[in-house]
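Here is a short tour of a protein model, written for someone meeting it for the first time. Keep the picture open beside you as you read.

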Amino acid sequence: MDSSSSSSDDETIIAFVNRLGQPRKQRVFRNRTDNFLEWDENEFFNRFRLTKRCVNIVLDLITFKIQSSTDRNHAVTPAQMILITIRFLASSGMLITVGDFAGIHKTTAGKYIWKVLQAIAELKSTFLTFPNDPVIIQNIKKDFYNIAKFPKVVGALDCTHVKIQSPGGLNAEIYRNRKQFFSINVQAICDSNLKFLDVVSRWQGSAHDSRIFQHSKIYSRFQNREFGDSILLGDGGYPLKIFCITPLQNVNTPAENIFNEAQIRTRNPIERAFGVWKRRFPILSTGIRLNKLKKPLTL
(Lines give C-alpha, C1' and ligand atoms only; values in the text may rest on other atoms or scores of the structure.)
Protein backbone atom coordinates (compact mmCIF):
# COMPACT_ATOMS: atom_id res chain seq x y z
CA MET A 1 0.00 0.00 0.00
CA ASP A 2 1.23 3.50 -0.82
CA SER A 3 2.44 5.23 2.37
CA SER A 4 1.15 8.64 1.19
CA SER A 5 -2.34 7.17 0.66
CA SER A 6 -2.29 5.56 4.11
CA SER A 7 -1.23 8.85 5.69
CA SER A 8 -4.06 10.69 3.95
CA ASP A 9 -6.61 8.15 5.20
CA ASP A 10 -5.29 8.52 8.75
CA GLU A 11 -5.64 12.29 8.57
CA THR A 12 -9.23 11.98 7.36
CA ILE A 13 -10.11 9.63 10.23
CA ILE A 14 -8.45 11.91 12.79
CA ALA A 15 -10.33 14.95 11.46
CA PHE A 16 -13.63 13.04 11.64
CA VAL A 17 -12.95 11.94 15.24
CA ASN A 18 -12.10 15.53 16.20
CA ARG A 19 -15.40 16.75 14.74
CA LEU A 20 -17.27 14.18 16.85
CA GLY A 21 -15.87 15.77 19.94
CA GLN A 22 -17.06 19.26 19.06
CA PRO A 23 -20.33 20.53 20.53
CA ARG A 24 -23.27 20.42 18.16
CA LYS A 25 -24.40 23.79 16.83
CA GLN A 26 -27.34 24.97 18.86
CA ARG A 27 -30.62 25.25 16.99
CA VAL A 28 -32.03 28.75 16.79
CA PHE A 29 -35.74 29.44 16.50
CA ARG A 30 -36.40 32.95 15.23
CA ASN A 31 -39.46 34.95 16.10
CA ARG A 32 -42.22 34.61 13.51
CA THR A 33 -44.55 37.57 13.22
CA ASP A 34 -48.28 36.96 12.81
CA ASN A 35 -48.71 39.12 9.71
CA PHE A 36 -52.49 38.92 9.84
CA LEU A 37 -52.42 40.72 13.21
CA GLU A 38 -49.33 42.84 12.64
CA TRP A 39 -50.59 44.81 9.63
CA ASP A 40 -53.81 46.64 8.86
CA GLU A 41 -55.55 45.94 5.55
CA ASN A 42 -53.62 48.53 3.52
CA GLU A 43 -50.22 47.61 4.94
CA PHE A 44 -50.98 43.91 4.44
CA PHE A 45 -51.91 44.51 0.79
CA ASN A 46 -48.74 46.57 0.21
CA ARG A 47 -46.60 43.68 1.43
CA PHE A 48 -48.46 40.71 -0.02
CA ARG A 49 -50.37 42.21 -2.99
CA LEU A 50 -53.55 40.42 -1.90
CA THR A 51 -56.21 41.23 0.69
CA LYS A 52 -56.50 39.27 3.93
CA ARG A 53 -59.86 37.93 2.79
CA CYS A 54 -58.41 36.62 -0.48
CA VAL A 55 -55.50 34.93 1.31
CA ASN A 56 -57.86 33.30 3.81
CA ILE A 57 -60.06 31.94 1.02
CA VAL A 58 -57.07 30.25 -0.63
CA LEU A 59 -55.76 29.11 2.74
CA ASP A 60 -59.04 27.33 3.54
CA LEU A 61 -58.80 25.47 0.22
CA ILE A 62 -55.21 24.22 0.55
CA THR A 63 -54.57 23.88 4.31
CA PHE A 64 -55.14 20.12 4.31
CA LYS A 65 -52.61 19.74 1.47
CA ILE A 66 -49.77 21.73 2.98
CA GLN A 67 -50.01 21.42 6.77
CA SER A 68 -47.27 19.56 8.61
CA SER A 69 -48.10 16.16 10.04
CA THR A 70 -46.86 17.27 13.47
CA ASP A 71 -46.31 20.48 15.44
CA ARG A 72 -42.94 19.30 16.71
CA ASN A 73 -39.74 21.30 16.11
CA HIS A 74 -41.55 24.62 15.84
CA ALA A 75 -43.34 23.58 12.64
CA VAL A 76 -44.31 26.26 10.11
CA THR A 77 -48.09 26.73 10.02
CA PRO A 78 -50.13 26.70 6.77
CA ALA A 79 -50.84 30.44 7.21
CA GLN A 80 -47.11 31.15 7.45
CA MET A 81 -46.43 28.94 4.42
CA ILE A 82 -48.88 30.76 2.18
CA LEU A 83 -47.68 34.20 3.28
CA ILE A 84 -44.07 33.17 2.63
CA THR A 85 -45.09 32.12 -0.87
CA ILE A 86 -47.07 35.27 -1.63
CA ARG A 87 -44.25 37.45 -0.29
CA PHE A 88 -41.85 35.58 -2.57
CA LEU A 89 -44.09 36.26 -5.59
CA ALA A 90 -44.72 39.89 -4.63
CA SER A 91 -41.05 40.76 -4.06
CA SER A 92 -37.76 40.30 -5.88
CA GLY A 93 -37.92 36.53 -5.50
CA MET A 94 -34.80 36.13 -3.31
CA LEU A 95 -35.25 33.15 -0.99
CA ILE A 96 -32.85 34.49 1.62
CA THR A 97 -34.83 37.74 1.84
CA VAL A 98 -38.13 35.91 2.18
CA GLY A 99 -36.64 33.55 4.74
CA ASP A 100 -35.39 36.44 6.87
CA PHE A 101 -38.81 38.10 6.61
CA ALA A 102 -40.51 34.94 7.86
CA GLY A 103 -37.89 33.90 10.43
CA ILE A 104 -36.87 30.67 8.70
CA HIS A 105 -33.89 29.40 6.71
CA LYS A 106 -33.90 30.01 2.96
CA THR A 107 -33.85 26.25 2.27
CA THR A 108 -36.97 25.80 4.38
CA ALA A 109 -38.57 28.76 2.62
CA GLY A 110 -37.88 27.23 -0.80
CA LYS A 111 -39.37 23.90 0.25
CA TYR A 112 -42.60 25.43 1.49
CA ILE A 113 -42.93 27.85 -1.44
CA TRP A 114 -42.85 24.94 -3.87
CA LYS A 115 -45.31 22.99 -1.73
CA VAL A 116 -47.80 25.88 -1.69
CA LEU A 117 -47.40 26.58 -5.41
CA GLN A 118 -48.21 22.96 -6.20
CA ALA A 119 -51.31 23.09 -3.99
CA ILE A 120 -52.50 26.32 -5.64
CA ALA A 121 -51.90 24.92 -9.15
CA GLU A 122 -54.21 22.03 -8.29
CA LEU A 123 -57.04 24.56 -7.84
CA LYS A 124 -57.04 25.31 -11.57
CA SER A 125 -60.32 23.52 -12.23
CA THR A 126 -61.96 25.63 -9.51
CA PHE A 127 -60.90 29.06 -10.73
CA LEU A 128 -59.77 28.70 -14.35
CA THR A 129 -62.77 27.44 -16.31
CA PHE A 130 -63.81 28.60 -19.76
CA PRO A 131 -67.56 29.27 -19.50
CA ASN A 132 -70.09 26.89 -21.05
CA ASP A 133 -73.22 28.62 -19.82
CA PRO A 134 -74.91 30.40 -22.79
CA VAL A 135 -76.00 33.27 -20.55
CA ILE A 136 -72.45 33.89 -19.29
CA ILE A 137 -71.04 33.63 -22.82
CA GLN A 138 -73.60 36.11 -24.10
CA ASN A 139 -72.69 38.58 -21.35
CA ILE A 140 -68.99 38.25 -22.22
CA LYS A 141 -69.81 38.94 -25.88
CA LYS A 142 -71.77 42.07 -24.92
CA ASP A 143 -68.90 43.38 -22.83
CA PHE A 144 -66.42 42.87 -25.66
CA TYR A 145 -68.84 44.38 -28.17
CA ASN A 146 -69.10 47.53 -26.07
CA ILE A 147 -65.37 48.18 -26.50
CA ALA A 148 -65.28 48.69 -30.28
CA LYS A 149 -68.42 47.05 -31.75
CA PHE A 150 -66.61 43.79 -32.58
CA PRO A 151 -69.21 40.96 -32.44
CA LYS A 152 -69.13 37.37 -31.12
CA VAL A 153 -65.88 37.74 -29.13
CA VAL A 154 -65.58 35.56 -26.02
CA GLY A 155 -61.88 35.93 -25.32
CA ALA A 156 -58.67 37.84 -26.03
CA LEU A 157 -55.72 35.51 -26.68
CA ASP A 158 -51.99 36.06 -26.31
CA CYS A 159 -48.75 34.72 -24.81
CA THR A 160 -46.24 36.29 -22.44
CA HIS A 161 -42.78 35.24 -21.34
CA VAL A 162 -42.15 34.56 -17.63
CA LYS A 163 -38.43 34.84 -16.98
CA ILE A 164 -36.64 31.96 -15.23
CA GLN A 165 -33.05 31.05 -14.46
CA SER A 166 -31.35 28.59 -16.78
CA PRO A 167 -32.62 25.08 -15.96
CA GLY A 168 -29.25 23.64 -16.98
CA GLY A 169 -28.74 20.26 -18.60
CA LEU A 170 -28.61 19.29 -22.26
CA ASN A 171 -31.96 20.87 -23.14
CA ALA A 172 -31.48 24.24 -21.44
CA GLU A 173 -31.38 26.16 -24.72
CA ILE A 174 -34.97 25.30 -25.62
CA TYR A 175 -35.97 27.64 -22.79
CA ARG A 176 -34.12 30.57 -24.40
CA ASN A 177 -36.61 32.79 -26.23
CA ARG A 178 -36.17 35.14 -29.18
CA LYS A 179 -35.18 37.93 -26.77
CA GLN A 180 -32.28 35.76 -25.60
CA PHE A 181 -33.31 35.07 -22.02
CA PHE A 182 -34.64 31.87 -20.44
CA SER A 183 -38.39 31.75 -19.95
CA ILE A 184 -41.66 29.86 -19.85
CA ASN A 185 -43.99 30.98 -22.66
CA VAL A 186 -47.41 31.29 -21.01
CA GLN A 187 -50.59 31.38 -23.08
CA ALA A 188 -53.69 33.01 -21.61
CA ILE A 189 -57.23 33.97 -22.62
CA CYS A 190 -59.11 36.65 -20.70
CA ASP A 191 -62.46 38.44 -20.88
CA SER A 192 -63.01 42.19 -21.21
CA ASN A 193 -62.75 42.60 -17.41
CA LEU A 194 -59.20 41.15 -17.39
CA LYS A 195 -60.37 37.88 -15.82
CA PHE A 196 -58.31 34.90 -16.96
CA LEU A 197 -60.45 32.16 -18.49
CA ASP A 198 -57.73 29.75 -19.64
CA VAL A 199 -53.99 29.45 -19.00
CA VAL A 200 -51.35 27.12 -20.49
CA SER A 201 -47.94 27.31 -18.77
CA ARG A 202 -46.03 24.19 -19.77
CA TRP A 203 -44.13 25.43 -22.85
CA GLN A 204 -40.50 26.46 -23.09
CA GLY A 205 -39.52 29.99 -24.09
CA SER A 206 -38.49 28.98 -27.62
CA ALA A 207 -41.99 27.69 -28.47
CA HIS A 208 -43.94 29.92 -30.88
CA ASP A 209 -47.29 31.33 -29.76
CA SER A 210 -49.17 29.65 -32.62
CA ARG A 211 -47.68 26.24 -31.79
CA ILE A 212 -48.77 26.54 -28.18
CA PHE A 213 -52.29 27.48 -29.26
CA GLN A 214 -52.63 24.69 -31.79
CA HIS A 215 -51.58 22.09 -29.20
CA SER A 216 -53.87 23.38 -26.44
CA LYS A 217 -57.16 21.86 -25.29
CA ILE A 218 -59.00 25.14 -25.82
CA TYR A 219 -58.00 25.07 -29.51
CA SER A 220 -59.58 21.63 -29.92
CA ARG A 221 -62.74 22.79 -28.16
CA PHE A 222 -63.13 25.76 -30.49
CA GLN A 223 -62.24 23.64 -33.51
CA ASN A 224 -65.03 21.24 -32.57
CA ARG A 225 -67.40 24.23 -32.39
CA GLU A 226 -68.13 23.60 -28.73
CA PHE A 227 -68.80 27.33 -28.32
CA GLY A 228 -70.88 27.75 -31.46
CA ASP A 229 -70.06 30.86 -33.48
CA SER A 230 -67.98 32.41 -30.69
CA ILE A 231 -64.53 33.71 -31.62
CA LEU A 232 -61.19 34.57 -30.05
CA LEU A 233 -59.04 37.54 -31.01
CA GLY A 234 -55.30 37.12 -31.43
CA ASP A 235 -52.39 39.10 -32.83
CA GLY A 236 -50.61 38.54 -36.14
CA GLY A 237 -48.59 35.65 -34.71
CA TYR A 238 -51.63 33.36 -34.70
CA PRO A 239 -53.13 31.52 -37.69
CA LEU A 240 -56.37 32.92 -39.04
CA LYS A 241 -59.20 30.51 -38.24
CA ILE A 242 -62.97 30.69 -38.32
CA PHE A 243 -62.82 30.87 -34.50
CA CYS A 244 -59.61 32.96 -34.18
CA ILE A 245 -59.55 36.36 -35.88
CA THR A 246 -56.27 38.20 -36.40
CA PRO A 247 -55.53 41.66 -37.85
CA LEU A 248 -55.35 42.16 -41.60
CA GLN A 249 -51.77 42.16 -42.83
CA ASN A 250 -52.23 44.56 -45.75
CA VAL A 251 -54.65 47.42 -45.20
CA ASN A 252 -55.81 49.15 -48.38
CA THR A 253 -59.21 50.65 -47.64
CA PRO A 254 -60.80 52.72 -44.86
CA ALA A 255 -63.07 49.76 -44.01
CA GLU A 256 -60.06 47.49 -43.53
CA ASN A 257 -58.43 50.11 -41.33
CA ILE A 258 -61.57 50.33 -39.17
CA PHE A 259 -61.62 46.53 -38.91
CA ASN A 260 -58.01 46.43 -37.68
CA GLU A 261 -58.58 49.26 -35.21
CA ALA A 262 -61.64 47.50 -33.75
CA GLN A 263 -59.81 44.17 -33.58
CA ILE A 264 -56.80 45.66 -31.80
CA ARG A 265 -58.88 47.66 -29.32
CA THR A 266 -61.06 44.64 -28.50
CA ARG A 267 -58.00 42.42 -28.05
CA ASN A 268 -56.30 44.95 -25.75
CA PRO A 269 -57.62 43.47 -22.43
CA ILE A 270 -55.17 40.57 -22.62
CA GLU A 271 -52.22 42.98 -22.87
CA ARG A 272 -53.56 44.91 -19.89
CA ALA A 273 -54.18 41.70 -17.94
CA PHE A 274 -50.54 40.65 -18.37
CA GLY A 275 -49.43 44.12 -17.27
CA VAL A 276 -51.57 44.04 -14.12
CA TRP A 277 -50.43 40.48 -13.37
CA LYS A 278 -46.73 41.32 -13.63
CA ARG A 279 -47.00 44.58 -11.72
CA ARG A 280 -48.78 42.88 -8.85
CA PHE A 281 -46.28 40.00 -8.76
CA PRO A 282 -42.95 41.46 -10.04
CA ILE A 283 -41.19 38.10 -9.85
CA LEU A 284 -42.89 37.24 -13.15
CA SER A 285 -40.86 40.03 -14.78
CA THR A 286 -37.62 39.98 -12.80
CA GLY A 287 -37.25 36.20 -12.95
CA ILE A 288 -38.16 33.11 -10.93
CA ARG A 289 -35.19 31.61 -9.06
CA LEU A 290 -36.41 28.15 -8.15
CA ASN A 291 -34.45 25.12 -9.30
CA LYS A 292 -37.60 23.01 -9.19
CA LEU A 293 -38.92 24.90 -12.20
CA LYS A 294 -37.00 22.30 -14.17
CA LYS A 295 -40.30 20.48 -13.62
CA PRO A 296 -42.77 23.31 -14.26
CA LEU A 297 -46.16 23.50 -12.60
CA THR A 298 -48.58 22.48 -15.34
CA LEU A 299 -51.66 24.58 -15.97
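The score called pLDDT is the predictor's confidence in each residue, on a scale from 0 to 100. You will need it here, as this is a predicted model. Across the chain the mean pLDDT is 89, and 87% of the residues reach 70 or more.

**Confidence along the chain**
- Of the chain's elements, α1 has the lowest mean pLDDT, at 64.
- The highest mean, 98, belongs to strand β4, residues 231-233.

**Salt bridges**
- Side chains of opposite charge can pair when their charged atoms come close.
- Searching the whole structure turns up five salt bridges.
- One of them joins K65 to E122, with their closest N and O atoms 3.0 Å apart. K65 sits in helix α4 (residues 52-66) and E122 in the loop between α7 (106-121) and α8, so this pair ties together parts that are 57 residues apart in sequence.
- K65 is partly exposed at 30% relative accessibility, whereas E122 is exposed, with a relative accessible area of 51%.
- D229 and K141 also meet through their side chains, at 3.3 Å from N to O. Because D229 lies in the loop between α11 (217-223) and β4 while K141 lies in helix α9 (residues 134-148), the bridge links parts that are 88 residues apart in sequence.
- R221 and E226 form another salt bridge, and their closest N and O atoms are 2.7 Å apart. Both residues count as partly exposed, R221 at 23% relative accessibility and E226 at 42%.
- Salt bridges with shared partners join K141, K152 and D229 into one network.

**Patches on the surface**
- Which residues gather in a patch of negative charge on the surface? They are D34, E38, D40, E41 and E43.
- D34 belongs to the loop between α1 (3-20) and α2 (35-38). This residue is partly exposed, with a relative accessible area of 40%; a patch takes in residues with over 30% relative accessible area and no salt bridge, so D34 passes the area cut-off.
- A nonpolar surface patch of about 250 Å² is made by I57, L61 and F127.
- F127 is found in helix α8 (residues 124-127), and F127 is partly exposed, with a relative accessible area of 47%.

Note on methods:
Residues are numbered from 1 along each chain as its sequence is written. This is a predicted model: local features need pLDDT of at least 70, side-chain atom pairs count only at pLDDT 80 or more; totals for chains, interfaces and linings use all residues. Side-chain values use heavy atoms; hydrogens and water are left out. Patches are made of residues with over 30% relative accessible area and no salt bridge: like charges are joined within 9 Å, nonpolar side chains (Val, Leu, Ile, Met, Phe, Trp, Tyr) within 5 Å. Accessible areas come from the Shrake-Rupley method with a 1.4 Å probe; for residues, only the protein chains shown count as cover. A salt bridge is a side-chain nitrogen of Lys or Arg within 4 Å of a carboxyl oxygen of Asp or Glu. Lys and Arg count as positive and Asp and Glu as negative; His and the chain ends are not counted. The place of a charge is taken as NZ of Lys, CZ of Arg, CG of Asp or CD of Glu. Helices (H or I, at least four residues) and strands (E, at least two) are DSSP runs, numbered from the N terminus. Buried means under 20% relative accessible area, exposed over 50%, partly exposed in between (1.4 Å probe, protein chains only).
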